[in-house]
Amino acid sequence: MLAIVSDIHGNLEAFTTVLAEIERRGVTDIICLGDVVGYGPNPMECLDLVRTRCRASLMGNHDFAVFYEPFNFNSGAEQACYWTRAQFENDPDVARRAERWKHLGNLPVRIKTGEYVAVHASPRRPINEYIFPDDIYTNPTKFVSIFERFERLCFVGHTHVPGVFLEGPDFYSPDELDYRFELTDEKAIINVGSVGQPRDRDPRSSFVILTDTAVEFVRLPYDVETTVRKVEAIDELDNFLGTRLLDGR
Ligand SMILES: [Fe+2]
């Protein structure tokens with residue numbers, strides 16, 4: 001069994017809740033699809049947990065933004081990015097600071113095994129391309145091109161909206177699947193959703209468990225009020241980055 005998490009976004013309350021549930025289920029193998037930092041109030045604590053608990057973590061657009069430069073960010077996200085970078089730079093422990101920068105700068109953009117491909121965003125543009133359910137109607141050629149770029153199973157995050165894309169093209173939310181997708185020979189893109197900032201109007205943390213035969217979608221409530229209060233206490237973080245967590249948008 002493998003747990004796949006993504007888009008933690010510096011939300012320590014959400015991430016520790018998810019890690020405890022993964023441990024409770026006896027799953028020891030965890031991969032993270034990126035965006036460990038950005039938006040939330042505890043980027044370094046989340047990064048340190050990923051470094052110790054996850055087998056691998058991928059480069060997300062917010063990890064990229066903190067290490068290199070923000071690309072296509074709105075002003076709130078950009079400000080959060082510079083605040084996050086300052087947290088890393090202001091750590092007085094020189095050795096730990098260097099370790100964290102080294103980790104961020106060395107994140108891979110893709111994991112490929114015999115069973116699946118995993119990226120932060122899309123198999124075509126692994127750091128930045130959004131795959132939205134609406135694309136099925138508005139951009140069908142995009143789907144053809146994306147499905148050409150992997151063999152059977154592809155795990156993504158990035159949009160913070162969990163679900164399954166089939167080559168049809170079709171999209172199924174976890175709710176429509178009773179939170180379980182049985183694997184077949186059909187190609188599928190699985191969006192694992194977001195641990196730290198869900199955007200499907202369900203404020204609970206999202207992640208998945210992969211077994212030999214199925215993908216299970218898991219949702220977990222966490223102490224969101226604490227995270228909101230932390231965001232509100234940091235001037236550089238827009239209050240909206242807290243309040244949006246309350247209704248999962
Ligand atoms: Fe993200």
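Modeller: P169 sits in the loop between β7 and β8, the latter being residues 170–172. This is a predicted model. The peptide bond that leads from G168 into P169 is cis, and its omega is near 0°.

Y39 lies in the loop between β2, residues 29–32, and α2. Its phi is positive, at about 75°, although Y39 is not a glycine.

The iron ion is held by the OD atoms of D7 and D35 and by the NE2 atoms of H9 and H160, at distances of 2.0 to 2.3 Å. Read along the sequence, these donor residues follow the spacing D-x1-H-x25-D-x124-H. D7 belongs to the loop between β1 (2–5) and α1, while H160 belongs to the loop between β6 (153–156) and β7 (163–166), so this pair ties together parts that are 153 residues apart in sequence. What is the geometry of the site with its 4 donor atoms? The site is irregular, with angles among the donors that run from 85 to 178°.

Helix α1 covers residues 12–24 and helix α2 covers residues 43–53; their axes come within 10 Å and cross at roughly 20°. Angles under 35 degrees count as roughly parallel, and therefore α1 is roughly parallel to α2. The crossing of α1 past α2 is left-handed. On the α1 side the contact involves L12, F15, T16, L19 and E23, and on the α2 side E45, C46, L49, V50 and R53. Sorted by class, this contact holds 6 nonpolar residues, 1 polar residue and 3 charged residues.

Another helix pair can be read in the same way. Helix α4 (residues 75–89) packs against helix α5 (residues 94–105) at an angle of about 135°, and the axes are 9 Å apart. The two helices are therefore oblique to each other. R85, F88 and E89 of α4 make the contact with R97, R100, W101 and L104 of α5. Here the classes are 3 nonpolar, no polar and 4 charged residues.

Definitions and conventions: Residues are numbered from 1 along each chain as its sequence is written. This is a predicted model: local features need pLDDT of at least 70, side-chain atom pairs count only at pLDDT 80 or more; totals for chains, interfaces and linings use all residues. Side-chain values use heavy atoms; hydrogens and water are left out. Axes are lines fitted to C-alpha atoms, for helices over the stretch in contact, and angles run from 0 to 180 degrees between N-to-C directions. Helices (H or I, at least four residues) and strands (E, at least two) are DSSP runs, numbered from the N terminus. Angles under 35 degrees count as roughly parallel, over 145 as roughly antiparallel, 65 to 115 as roughly perpendicular and the rest as oblique. A crossing is left-handed if the near helix is turned anticlockwise from the far one by less than a right angle, and right-handed if clockwise. Contact means heavy atoms within 4.5 Å. Ala, Val, Leu, Ile, Met, Phe, Trp, Tyr, Cys and Pro count as nonpolar, Asp, Glu, Lys and Arg as charged, and the others, Gly among them, as polar. Donors are N, O and S atoms within 2.8 Å of the metal (3.2 Å for Na, K and Ca); water is not among the atoms, so sites may look incomplete. Four donors count as tetrahedral if all angles lie between 85 and 135 degrees; four count as square planar and six as octahedral if opposite donors are over 155 degrees apart and all others between 65 and 115; anything else is irregular.
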